[in-house]
Amino acid sequence: MTSSIAVIITTKNRPTYVAEAIESVINQTKRASSIVIVDDGSDTPIADQLNPSLTEHCAVIRNEKSAGVSAARNQGVEAASAEWIVFLDDDDWIDPDFVQSIDLAINEQCAAKIFWPSRLMVNEATGKTKSRTTPAVAPGTQTLSTELMASLMETGCSGTTVHKTAFESVEGFDESLIVSEDRDLTFRLLAAGFLALPVEHAVINIRVH
């Protein structure tokens, strides 16, 4: 069974990076159901700076004034009609079989509502890479080991796949936070009892500036 998967990309004043992010989503072995771009107050509208061959595949939301990354991501989720949401930061990109790998995991692990990617940290200056993964977290886990806690603190939201109803049940990103809003969402989802699993073959490339 094919799952409906939307990719949400928020951006501000980084047209070169976001173009690469969009291209990585378009050039998938299995296409995402939709791509939602939230331009959160770029000085020049992002849609005017991108090749139409990219924007024709996307729904673009434009905030004339920046609402902040948390609010922008929440806007993107609200606009998406898909059952599953993948968040992608504008300076990251996903491997060509990312969506296909997530779709397989969704169908094989029906109880899970959160899927974490394998993260390849790519140093922008040197090109050196380092792999990072996040372990599974089962519902009802009362005690988190130091190792697991450290891994969760590094997870972020870029590349994370969340069932839309799970996201909505914890009221999305906390728009009052200006830092660690992604960690906050992770821990609220886990506290709500949702099963989170890693997907080894769903690789996201995290640009380290």
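Colleague: How much space lies in the largest pocket?

Modeller: About 590 Å³. A pocket here is an open set of points on a 1 Å grid over the protein atoms alone, with protein on both sides within 12 Å along at least five of seven lines. Grid points are joined across faces, edges and corners, and a volume is the space filled by probe spheres set on the points. This is a predicted model, in which local features need pLDDT of at least 70 and side-chain atom pairs count only at pLDDT 80 or more, while totals for chains, interfaces and linings use all residues. Residues are numbered from 1 along each chain as its sequence is written, and side-chain values use heavy atoms, with hydrogens and water left out.

Colleague: Which residues lie nearest the centre of the largest pocket?

Modeller: Arg73, Asp89, Asp91, Asp92 and Asp182, from a lining of 29 residues; a lining residue has an atom within 4 Å of a point. By class, that lining has 15 charged, 7 polar and 7 nonpolar residues. Asp, Glu, Lys and Arg count as charged, Ala, Val, Leu, Ile, Met, Phe, Trp, Tyr, Cys and Pro as nonpolar, and the others, Gly among them, as polar.

Colleague: And the cavities: how many of 30 Å³ or more?

Modeller: The count is 1, where a cavity is a set of points at which a 1.4 Å probe fits but cannot get out. The largest cavity has a volume of about 70 Å³. Its lining includes Phe87, Trp116 and Leu189, and Asp182 as well. Asp182 is also among the residues nearest the centre of the largest pocket.

Colleague: Which helix gives the most to the lining of the largest cavity?

Modeller: H8, with 4 residues. Helices (H or I, at least four residues) and strands (E, at least two) are DSSP runs, numbered from the N terminus.

Colleague: Changing topic, how many residues has the largest nonpolar core?

Modeller: It has 34, and Ile9, Ile22 and Phe115 are among those with the most contacts inside it. Such a core is a set of buried Ala, Val, Leu, Ile, Met, Phe, Trp, Tyr and Cys residues joined through side-chain atoms within 4.5 Å; buried means under 20% relative accessible area, with a 1.4 Å probe and protein chains only. H1 supplies the largest share, 6 residues.

Colleague: What is Ile22 in contact with?

Modeller: Beyond its neighbours within four places in sequence, Ile22 is in contact (heavy atoms within 4.5 Å) with Ile9, Ile37, Leu50, Leu54 and Cys58. A second, separate core of 26 residues includes Leu148, Leu189, Leu190 and Phe194.

Notes: Buried means under 20% relative accessible area, exposed over 50%, partly exposed in between (1.4 Å probe, protein chains only).
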